[in-house]
Amino acid sequence: MNVQLALTGAYSTSSASSATGTTQPRTADNNQIGGAATSTAESTKDTLSLSPLAASLKGPSLDLFNKLKQNERTLLSGLVDSGKVTGDDVNNVLMGSLKMARSTAFMNGGRMFESQNRGLFARAATVTADEMLKATDDTLARRKELVARLGELDKNGQGGSADYGEILRALSGVEPGAGTDQPSAEPHGNSRATAHLRQTRLFSPYYMKLGDPFFIRNGEEEAASNKLKEAGVSLSSLTDAARGMAEDNVADMVQQQASDRAEIMRRNGG
């Protein structure tokens with residue numbers, strides 16, 4: 001990852017001229033980053049001084065920070081510089097927002113899997129591993145397509161358009177014309193229905209462990225979210241920025257779980 005680009009708005013640079021021995025301050029915008037590269041070629045040595053925010057961002061939080069809009073990055077950096085929140089607070093709230101986005105992507109993906117595969121659920125006891133794997137791939141491909149379309153609309157300033165809203169609706173697992181009813185997972189008082197329930201759970205790759213930290217915010221992340229809310233930060237904008245990352249994270253998880261399910265189904269003759 002290009003650390004300079006990832007931390008735009010979260011660090012400052014200084015340039016020390018070998019000819020004069022003086023230090024000239026620089027602001028951290030994209031043009032000045034490019035200028036620093038040019039001045040390096042002109043025998044100017046650039047040094048990078050990380051701010052408290054930049055030094056606190058780690059892993060997925062750093063990746064998510066890089067996806068925020070410039071004004072959002074500037075806002076977060078300014079809050080840390082002012083002492084209203086700490087760099088660790090921002091790191092925690094970004095991680096918490098990503099977990100919330102993962103949870104939404106997972107739940108909605110599970111609904112879409114069921115909505116798109118009603119025929120398979122209707123004959124759950126005879127579904128094969130290959131059918132389950134194809135259904136999984138089709139669902140994940142559909143979600144990837146929808147997220148890409150959202151990104152294009154947002155880039156073109158159409159975030160509030162009817163098309164944008166319709167895509168969000170589809171991502172929620174409710175395709176146009178599909179209705180809102182979902183396949184029932186409850187047994188109806190007989191052994192055959194109970195067997196159907198067990199088999200349905202077996203072939204669906206969307207299953208989550210209770211309290212999984214991949215999806216659930218911890219106490220520090222919740223406290224940081226409350227702190228940023230009090231400072232006037234919209235957490236919904238952070239969650240929107242996290243959507244693409246969350247979909248990718250969930251897709252990797254679901255593909256692995258589909259592979260595990262397929263192995264079990266094949267061992268059982270499916």
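Contact means heavy atoms within 4.5 Å. Helices are DSSP runs (H or I, at least four residues), numbered from the N terminus. The structure is a predicted model, in which local features need pLDDT of at least 70, side-chain atom pairs count only at pLDDT 80 or more, and totals for chains, interfaces and linings use all residues. Residues are numbered from 1 along each chain as its sequence is written, and side-chain values use heavy atoms, with hydrogens and water left out.

**Exercise 1.** Determine how helix H8 (residues 129–155) and helix H9 (residues 162–171) pack.

*Solution.*
Step 1. The two helices pack at an angle of about 155 degrees, with their axes 10 Å apart. Axes are lines fitted to C-alpha atoms, for helices over the stretch in contact, and angles run from 0 to 180 degrees between N-to-C directions.
Step 2. H8 is therefore roughly antiparallel to H9, given that angles under 35 degrees count as roughly parallel, over 145 as roughly antiparallel, 65 to 115 as roughly perpendicular and the rest as oblique.
Step 3. On the H8 side, the residues in contact are Arg142, Arg143, Leu146, Val147, Arg149, Leu150, Leu153 and Asp154. They meet Asp163, Tyr164, Ile167, Leu168, Ala170 and Leu171 in H9.
Step 4. By class, this contact of H8 with H9 has 9 nonpolar, no polar and 5 charged residues. Here Ala, Val, Leu, Ile, Met, Phe, Trp, Tyr, Cys and Pro count as nonpolar, Asp, Glu, Lys and Arg as charged, and the others, Gly among them, as polar.

**Exercise 2.** Classify the orientation of helix H6 (residues 87–116) relative to H12 and to helix H11 (residues 219–230).

*Solution.*
Step 1. For H6 and H12, the angle is about 55 degrees and the axes lie 6 Å apart. H6 and H12 are therefore oblique to each other.
Step 2. The contact of H6 with H12 comprises 14 nonpolar, 4 polar and 2 charged residues.
Step 3. For H6 and H11, the angle is about 105 degrees, with axes 8 Å apart. H6 and H11 are therefore roughly perpendicular to each other.
Step 4. The contact of H6 with H11 comprises 4 nonpolar, 3 polar and 5 charged residues.

**Exercise 3.** Identify which helix supplies the largest share of the lining of the largest pocket.

*Solution.*
Step 1. H8 and helix H12 (235–267) each supply at least two residues of this lining.
Step 2. The largest share, 6 residues, comes from H12.
Step 3. By class, the lining has 6 nonpolar, 3 polar and 6 charged residues. A pocket is an open set of points on a 1 Å grid over the protein atoms alone, where a 1.4 Å probe fits, with protein on both sides within 12 Å along at least five of seven lines; lining residues have an atom within 4 Å of a point.
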